[in-house]
Amino acid sequence: MAGKLTFQDLILTLQNFWASKGCLILQPYDNEMGAGTFHPATTLRALGPRPWNAAFVQPSRRPSDGRYGENPNRLQHYYQYQVILKPAPANVQEMYLESLKAIGLDPALHDIRFVEDDWESPTLGAAGLGWEVWCDGMEITQFTYFQQVGGIECDPVCAEITYGLERLAMYVQNIEFVYDLAFNDQFRYGEVFHQNEQEFSAFNFERADTEILFQHFKDAEKQCQALLAGEKALPLPAYDQCIKASHAFNLLQARGVISVTERAAYIGRVRALAQACCEAWLKTDMGAYKPRFA
Amino acid sequence: MPDLLLELFSEEIPARMQAGAARDLERLVTGALTDRGFLFEGIKAVAGPRRLTLAVTGLPAKQGDVREELKGPRTDAPQAALDGFLKKTGLTRDQLKVEKTAKGDVYMALIERAGRETPQVLAEILPELLPKLPWPKSMRWRPSDPVRWVRPLHSIIATFDGEVVPFSFAGIQSGNTTMGHRFLSKGPLTVRRFDDYEAALKKAHVQLDAEERKAVIAEGVKTAAFVHQLEMIPDEGLLNEVAGLAEWPVILVGTIENQFMDVPAEILQTSMRTHQKYFSLRDLNTGKMANRFALVANMIAEDGGKEIIAGNERVLRARLFDAKFFWDEDRKTKLADRVDALKGIVFHAKLGTQFERVERIAKLAGEVAGKIGADPKKSERAARLAKADLTTGVVGEFPELQGVMGRYYALHDKEDAEIADAIRDHYKPVGPSDAVPAGKIAMAVALADKLDALTGFFAAGEKPTGSGDPFALRRAALGVIRIVVENKLCLPLAVSDDLLVFFAERLKVALKEKGVRHDLIDAIFALGRENDLVRLVARVEALQAFLKTEDGTNLLAGYKRAANILKAEEKQDAKTYTSEVQDGLLAVPAEKNLYTALAKAKAGISPALDAEDFSAAMRQMASLRGPVDAFFDDVKVNDENPKLRENRLNLLASLRAALHQVADFSRVEG
């Protein structure tokens, strides 16, 4: 395999690639979230008529996926590389395939396939149609045409491309244990993150104070609703609170204190917040199309 | 005659939707063409990962002349209605005829249109029917355009007799170019008709027809496996799926690492199938699962597939590593020690946990075992362990391996082999083509499992409805029926009335497929809610055989006549005739004969039924045919003498009662 990019080179290559395609290169959002889709640059910007092309790395937290650093590829904290293109260009699949070439996956040597996989996020009230992209039988990317976010129809439709960076790097570097990944020439992934996985797994499953978390959830929900009420709604800060509520819920899930029936109710509460934020966003200058910013 | 070629080229169409889309397109085009008076020689649609293609052959260059009569409004309808009709038909008032109908005088329009040029008509109908293609799930992708397709559509070929049929759909202007394989072909291909289109695509590494792709895959796997003295483990579902994932299937063979080969074959196979879509291979001679797999790529790689195989092997290693981990972990806890954990799994909100269910099944399995000659203790044990594998890692990962894994773990725990088999087989039969369990213990547990579900859900008010059967109760009932009937088990169903009726309904469906008349099942079932299925079936079969004989047909006619007379007279007299026939009042020889014959037959039918010799019971009935016929020939039932009349009605009632011992003939049709 040509080059064998280090983990950080992989990220830099994708950044350069998508920058060259006209994407804004944003930085990760400073809030804990389960996936890059929660980044307001995706959730909110997917709505409304304004064109939007952005790419960014987003640390993704999945508290329940913690394995105390012992599983070869499961992590409670990992990186997604997310590209959001609105409206979806007609050649978006070709652009994506070009990006694979850029990171050393030559389609002439590999078997690249688009296998049906529709995406749905009950917490965001979002859904789309698309594929998981397979490279030699391995899922390396999620590719989605958004149809709905926050219960609102997307028009124009945007394309979301989500690369699982660790998985992709493991493939490119021919590595079977995530902690063995070369982060750069000196550091292994494990040197950077193994202790984090151990400590956070213990936090997620054992130590996180559930009373505090329940309170966090309630507070965030209350603050979110307050920010959206009245004449002068503030959808961006409100949406931050929605993300916080979602993460508190994920931690509570990991702590095993939410029953199956309660689970649906909590998801419904987060969705209600997300929907309200999205609706408020559409009434703002950036959410709606106002020529003076064009 | 000229041909139509239509190709809809899009981004990757889900494999599961391709065949249906081809069928629907064929149906829609056929409908639209015939509606417009076109006759054609042939039509065929094919589908693949990126395109849906349709060819119509022998389509005339010109539409046939159309002549149709349209019914308009009544002559006394408001002017607006008439104006509308004139506008619609493009005629004037004096071109209309008036016709008298039951609803009054109405205007009729005779429309005669000379047939138009076919391309003109096609350009009109194609863009109209494309939005009607019913994708199971479709999407929007064009700004401010509600048009939907399964994935973004990129180009359309529409040619008739080699020339483009111009129209536009979803912002795309139809033309005569397409693209070949995503990676193995460059640049657009220009085509004229289906023949050169198909050839050009083949050159561009696109195999259009799913059936051909399937054949290529099946043959390719066979050849590749044969090199290693192996063969494919048949898997039609997987074959269909992978044929929808490659435009140019290329078969490659990879190796499973030896460290995984002591993992049960079912786990390897399921993991390879569900996660990776690989075909499992087995030894040609021994049938043993081999340490190789066949994968279907969509690529002729420059290195002959080395990287692709290596990549797939690596992915598989990670998958099997997980599976092996579960398998090793699972065996550290005995199945028997897992039963308690079933308390944490809810079976159904109204029916409690899996633990409670297992307790019920165990008790029931013990009882059933006693009746069908299985060991009750072992059956109870098997039932208690039957669901324990639901708590294992492997079944958590692959739910379809429930039962199969239970057997492995039971054997590992040194449980009795029959118990282990029963754990695996108690879900059987899982479908109409699946066999019923073979062992007695497995039968006892399978019956208990299904009966518990049926009684439980019926009691909880969760009966299947016309539209839904979320708990697969029909399948469960049919399973019970098949196990009992195919093994000729003597197992009266001690269940509620409504459940027994449900069983009878299922039995009708099951027997109907074997050519048994449903009304005969009703006729037997009506007698007393027969709850012994084997006996019920035997009686129905004997009855059906009897009714096929001449005696049977005539006796049935006689019965119907008697029953009709009784019905009419009983209604008129407002009483039912059930009294004893009085010997002394029998005036005519024919009624005396019937009386004697009836007494004899009755005496014969009861013991035959008791002995469950249903053919003998039928023979006894057959003996009544002659006397019944003679009775109706010679005897007038409604005699002027009320005493004679009453006695004769009692005689007919006695005939009815005798026959009802065997079947309720009033429910027999014909």
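**Note on the interface of chain B and chain A**

1. Across the interface of chain B and chain A, 22 residue pairs are in polar contact, both residues being at pLDDT 80 or more; a polar contact is a pair of N or O atoms within 3.5 Å, where within protein one must be able to donate a hydrogen and the other to accept it, and residues adjacent in sequence count only if both atoms are side-chain atoms. This is a predicted model, in which local features need pLDDT of at least 70 and side-chain atom pairs count only at pLDDT 80 or more, while totals for chains, interfaces and linings use all residues. Residues are numbered from 1 along each chain as its sequence is written, chains are lettered from A and ligands numbered from 1 in the order in which they are written, and side-chain values use heavy atoms, with hydrogens and water left out.

2. On the side of chain B that touches chain A, the elements giving two or more residues are α1 (15–35), β7 (139–140), α7 (265–276), β18 (289–297) and α8 (306–330) of chain B, where helices (H or I, at least four residues) and strands (E, at least two) are DSSP runs numbered from the N terminus. The largest share of this side, eight residues, comes from α8(B).

3. Between chain B and chain A the count is six salt bridges, each a side-chain nitrogen of Lys or Arg within 4 Å of a carboxyl oxygen of Asp or Glu. A:Glu116 forms a salt bridge with B:Arg16, and their closest N and O atoms are 2.6 Å apart.

4. The contact (heavy atoms within 4.5 Å) takes 40 residues from chain B and 37 residues from chain A.
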